[in-house]
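Me: I would like a close look at a single part of this model, worked through in one connected answer. Please give the cut-offs as the terms come up.

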Amino acid sequence: MRRTSLLLLVALPWLRLSADAAWAQGLDYGQYEALFGEPVTSSATGKPERVSDTPILMELITAEDIKRSGARDIPSLLGRLAGIDVVHGSSGMADLGIGGYIRPLTSRIMVLINGRQVYYDGFGEVLWPTLAVEMAEIRQIEVIKGSQSALYGFNAVDGVVNIVTFDPIADPVNSLTARLGNQARRDLTASVTQPLGGEAGVRLTAGTDHAQDTGMVTKTSTNTAYAKDPNRRSVSLDAAANLPGDGRARLEASHTDVSARTIASNTFFDARVVTDSIKGSYSTESAIGRLDGTVYYTVVDMPWVEAQPVGSSHNSDGALVGQLSDLLKVGTDDSLRFGLEARRNAMTSAVLQGGTVTGDLSAASAMWDHQWSPRFSMVNSARYDYFKLGRSGVGARQDIFSNDAFDRSLEGVSANSALIGKVTADDSVRLSFARGVKLPSLANFGILQHYLPQYSGSPNGLNYYENPDLATSVVYDYRIGWDHHIDAVDATARVAAFHDITTKSIGTANLVTGKRVTAILETMVPGWVSNGVELDLRHKVRDGWTWGGNYTFDRLHEHSDGGLRDAFPEHKINLNVGYALNGWDADLYGSYVSATKGVVITPGTPPTAAVGWVKSHYILSPHIGWQARDNLRVELAAENLWPYQDSLPQRMETSYYLSVTVSY
Amino acid sequence: MLRALAVGMLLLILAILPGSGRATTLNELQVGIRVVDFMSKPPHGKSPLALIYDPQVKVSVDDALSLSNWLSSNSAASKDELVPVLVDVRQLDENPTFQIGFIAAGMERHYGRIFDYARRNQTLTISADLSCVRAGKCTVGVVGTPRVEVVISQQAALSCGIEFSEAFRMMVTEN
């Protein structure tokens, strides 16, 4: 069993290797990191570059950071960065926001695993537990703040999170982690990497998480059905091969099955989400530069979704994506990248009574990077997106739209421009401008049309309509940042500021106002402006003291009022201190988040909602780890020593757990 | 008198210039060796790595011996395929063709000769003296501290028929 799996060998008959491939190239993160002594990325501009060279303000979480964090999940890790906000819908479900806007189930950030979008297309949402990636297999998490539509297309309007896993050829991961804790926590993850002939490898990872559902603030007989225990099962395969002629092929496949509870504005949801994905990619050096081709298909199936106002439904969403790019260096100072993308997304829903809403997207993009001097460089990129909407099948009850109403298209142009100046050996200044385009989700366009009798005092009931006539909204993002290395304490300091403008937003029919109307139709309403300042200071070492902290001030001003106007915590502080020596490491993470507004849900039939205050809160999470042997690590950690609420319906309880990791 | 002053100034400038006569560090050797991984046509199997030095220049001899010791003791974490060979710069042409050459410190006066050899034999030449690469006499220049820098002379690379992967070229300085 150990390191040998006939199944894996059978699954990869296409890996026919040659000794000539011994030095084949590929963007091997580990190889470049070893060369330069710092992480590299291709997320920021689409061009491979050292993190210290990129003109884009970005943050990076390394595998060592993850190990020292004690965090069980990615949202907990990301929430410790400056400018990132987390709101929990349940103990296992979180929504993340970058740059001053966050609402439940309204994601504006693009999340990728090795470049594959794991964003749930149909609902325009990131369901974090459905990501088929375990902490042990993550090489680094790259976080880019601000709009990146020119590189990633519609919807990457507030930022991008790219999760890069270890290379199955160069960086074998062979470990098993078992975790036990209060609230009946039982987690188990295991990875095994099988080298294949020296120039190929395959990693198989499986994980299962279980805990009791905790923290539902207003649990009564009318909503207890939505308090099922969260469960997660995941299995993934990652195979790569260096091929003759500088080629590199990679195959990734994954399956997750997640059951979880969450909230959206004024209602409780409980859903099972089954996600399957397969991705193939190939890259090679050619006379016209580095060519990359990627195809992936993702199916997100919700066998059941229980929601208070809608009842039971079954949704299924499939997205097929093809991408081609050519990256080349011209002369000594210029790099160019040209890209094409095609995407087909189709979503069906029992709510729509058999209808299918589709979106076909075509896009072309270009990037130009110019090195003015060793100290100054800039990058400019632009992308054109064309989106064709469609609907087939039967519409909703009392549907006011015909399928013809969905026969329309939208288009948008995104742009990014950024500049870095290394003004001294210890100082870098970055400036950036972005124009991003946000596309309504298929659900926004028309999947959730429904008749909600329980919300109405009249015999006609209440009809809740999405709207195929929704438009795109444009996001403008301006950022400036200054990084300074403080030699005296070997620390890096960053001061950054941003100004974001979102021209329009989708008026959410969130029922917060409690109005009794006969129909709610989503429309485009004026957007918002957010401004912020981020301060960050950190000192990181493997042994000895490590410390850091950041402060974020964000202010949101919404031009329209959906009931939660300007609801956003303005102040956020994260601090950490740790010490490592002789195989022991201990770290303490603390956060403060100021008060904001939120939705109070009062269970009932129907539930009612009102606006209330989410108090300021503190989070304290310590952990201690011991590398008992070369292949054995034991960790004791706690999350939230003080229970807190970042949303009104959910309280995050204190959890303790013991983890044992065996490497083999 | 003026000529003596000018020569004196020149020697002073040469002594001050970064890399001039300065011993190669272990980090620079490691960086230089790793650059080989990013060649489009790297050597296959076990290949000799020429450590080019001048036996008449003590700095050069000491540097070459340090490089050889690091490589032999595997401190440089080099690929097993690269086998260090000390090569007297004056006997370069008498040796078999080397695909990779690391130039020891204190070799400024021989850069022209080494470049001629590299051009004839399509040899990748690496030096920790950036003046060599800036003059277009070496293909790769490396700096270890305070920040790793890799500088490629496109002119030298072209002359020697050396190509690197596109991604690598985007992460280094070319001139």
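How many residues lie between β6(A) and β7(A) in the hairpin that they form, and which residue in the turn has a positive phi?

Reply: Two residues separate β6(A) and β7(A) in the hairpin, and A:N114 in the turn has a positive phi of about 50°. This is a predicted model, in which local features need pLDDT of at least 70 and side-chain atom pairs count only at pLDDT 80 or more, while totals for chains, interfaces and linings use all residues. Residues are numbered from 1 along each chain as its sequence is written, chains are lettered from A and ligands numbered from 1 in the order in which they are written, and side-chain values use heavy atoms, with hydrogens and water left out.

Strands here are DSSP runs of E with at least two residues, and helices are runs of H or I with at least four, both numbered from the N terminus. Two strands pair if DSSP finds at least two bridges between them. β6(A) and β7(A) run antiparallel and are joined by two bridges, with A:L112 opposite A:Q117. With β9(A), β6(A) runs parallel through five bridges, and there A:I109 stands opposite A:G159.

These strands belong to an open sheet of five with mixed pairing, in the order β3-β8-β9-β6-β7 of chain A. β3 (58–62) and β7 (116–117) of chain A are at the edges with a single partner strand each, so one side of each has no neighbour in the sheet. β3(A) runs antiparallel to β8 (residues 138–145) of chain A, joined by five bridges; A:E59 faces A:V143 in that pair.

β6 (residues 109–113) of chain A has five of its five residues buried, where buried means under 20% relative accessible area, exposed over 50% and partly exposed in between (1.4 Å probe, protein chains only). A:I109, A:V111 and A:I113 cover one side, and A:M110 and A:L112 the other.

A cavity is a set of points on a 1 Å grid over the protein atoms alone where a 1.4 Å probe fits but cannot get out, and its lining residues have an atom within 4 Å of a point. A:N114 is among the residues nearest the centre of the largest cavity, together with A:S42, A:G115, A:D292 and A:T294, in a lining of 43 residues. Elements giving two or more residues to that lining include β9 (159–165) of chain A. The largest cavity holds about 1000 Å³, volume being the space filled by probe spheres set on the points, which are joined across faces, edges and corners.

Note on methods
1 Å grid on protein atoms, 1.4 Å probe; cavity = no way out; pocket = protein on both sides within 12 Å on 5 of 7 lines; lining within 4 Å.
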